[in-house]
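I opened this entry to note what I looked up, one topic at a time. The structure comes first, then my notes.

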Number of protein chains: 2
Amino acid sequence: MDPVDDLAMPFLLMSAFRNLVDAVHAQLADDGFPGVRATHGFAMQAIGAGCTSVELGERLGVSKQAAAKTASTLEEMGLLRREPVERDARQKLLVPTPAGRRMLRLSASAFRAELARWREDVGDAGVDATLATLSVVAAGGRGPTDLSDWT
Amino acid sequence: MDPVDDLAMPFLLMSAFRNLVDAVHAQLADDGFPGVRATHGFAMQAIGAGCTSVELGERLGVSKQAAAKTASTLEEMGLLRREPVERDARQKLLVPTPAGRRMLRLSASAFRAELARWREDVGDAGVDATLATLSVVAAGGRGPTDLSDWT
DNA sequence: CTCAGATGGACAACCTGGTTGACCATATAC
DNA sequence: GTATATGGTCAACCAGGTTGTCCATCTGAG
């Protein structure tokens, strides 16, 4: 009888993502980071300990100009600092400020909290199966940031 | 040992969605609908047999103006027709053209084909568990189109 | 029947996040 | 030393969304 049709998959993926991200942003706003959008979080995650605009663009899968623009707004939000690199005067390293690192920590714990809620709702087996499945079908995508170093 | 960390969930959801949609669009482009973007597909699905701009906005979770803009581009693409409603001269019904319906059919079969590929890669159990899990956590979201009438 | 209010649609101005193209300063390779 | 590659920035543009305003039309209460 196929209780959930395959055709619903794109909608479900989008909707789940949206709910997850909305929940995290609501929590972040409560914690004193009201203006954070999905792009900002992804970019900060992608930056990690620090990288250049070009690298950020590659990790996010966007042009270096788009990455630089995002970095500028993150800088204005005080989450990021551009600092010169001594061995190459062209480069500017994007490094998270203490506020940026705090935001990252809060965001990580908000994601974990929301996932814990999912686990309560559907059980560990379902969530684990979903993670396993998605990590197969998401592989190969040159999508935004490989997140291998999410802390 | 937690082979896939909970923190990867947002990335996996996005990446899976992106891969899925990219694959479908590549197929659509091959089938003679090169310019179709994710928004267009979602909007066409939301329109279904036909609705007004206001309804479309509600189904997509966007303002009526945004919905009308999208409808205009769909009209220019020849996927959609605006036709007057005799019982209310204010309304204009958005109805798919034959090309629009063809695109919907092709898009549906492309989605099913891609899902079939997923099923080959990870097995039916994983995909079914994912569908079941996501339909729980996606619920309640006022996300785009309830897709209850995807054909 | 009429008229106030609700509703559908359109237009304009604006924002965000992305694109491409051009350009300059600096590194690097030959 | 000089050609070329690379990192960063600026400018123009686009898509898709927002809000505010406005008009035409429908609807319901007198």
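This is a predicted model: local features need pLDDT of at least 70, side-chain atom pairs count only at pLDDT 80 or more; totals for chains, interfaces and linings use all residues.

**Entry 1: the largest pocket**

I looked up its volume, which is about 830 Å³. I then listed the lining, which has 30 residues. Closest to the pocket centre are A:Met14, A:Phe17, A:Ala38, B:Met14 and B:Phe17.

Which elements each supply at least two residues of this lining? From chain A I wrote down helix 1 (9-30), helix 2 (38-47) and helix 4. From chain B I wrote down helix 1 (9-30) and helix 2. Helix 1 of chain A gives the most, with seven residues.

I sorted the lining by class as well. It has 21 nonpolar residues, five polar and four charged.

**Entry 2: the surface near DNA strand D**

How many residues surround DNA strand D? I found 22. The closest are A:Arg90, B:Ser63, B:Gln65, B:Lys69 and B:Ala89. By class, this surface divides into four nonpolar, nine polar and nine charged residues.

I turned to the strand's own atoms. Of those within 4 Å of the protein, 55% belong to sugar or phosphate. The rest belong to bases.

Next I checked single contacts. In B:Ser63, a side-chain N or O atom is 2.7 Å from a phosphate oxygen of DNA strand D. A:Lys64 reaches a base instead, with a polar side-chain atom 2.7 Å from a base nitrogen.

The largest share, four residues, comes from helix 4 of chain B.

**Entry 3: the strands of chain B**

Strand 1 of chain B, residues 80-85, pairs with strand 2 of chain B. Is the pairing parallel or antiparallel? I found it antiparallel, over six bridges.

I picked out one position: B:Leu80 stands opposite B:Pro96 in strand 2 of chain B. Last, I looked at the link. A hairpin joins strand 1 of chain B to strand 2 of chain B through two residues.

Key. Residues are numbered from 1 along each chain as its sequence is written. Chains are lettered from A and ligands numbered from 1 in the order in which they are written. Side-chain values use heavy atoms; hydrogens and water are left out. A residue is near a molecule or strand if one of its heavy atoms lies within 4 Å of it. A polar contact is a pair of N or O atoms within 3.5 Å; within protein, one must be able to donate a hydrogen and the other to accept it, and residues adjacent in sequence count only if both atoms are side-chain atoms. Ala, Val, Leu, Ile, Met, Phe, Trp, Tyr, Cys and Pro count as nonpolar, Asp, Glu, Lys and Arg as charged, and the others, Gly among them, as polar. On a 1 Å grid over the protein atoms alone, a cavity is a set of points where a 1.4 Å probe fits but cannot get out, and a pocket is an open set with protein on both sides within 12 Å along at least five of seven lines; lining residues have an atom within 4 Å of a point. Grid points are joined across faces, edges and corners, and a volume is the space filled by probe spheres set on the points. Two strands pair if DSSP finds at least two bridges between them.
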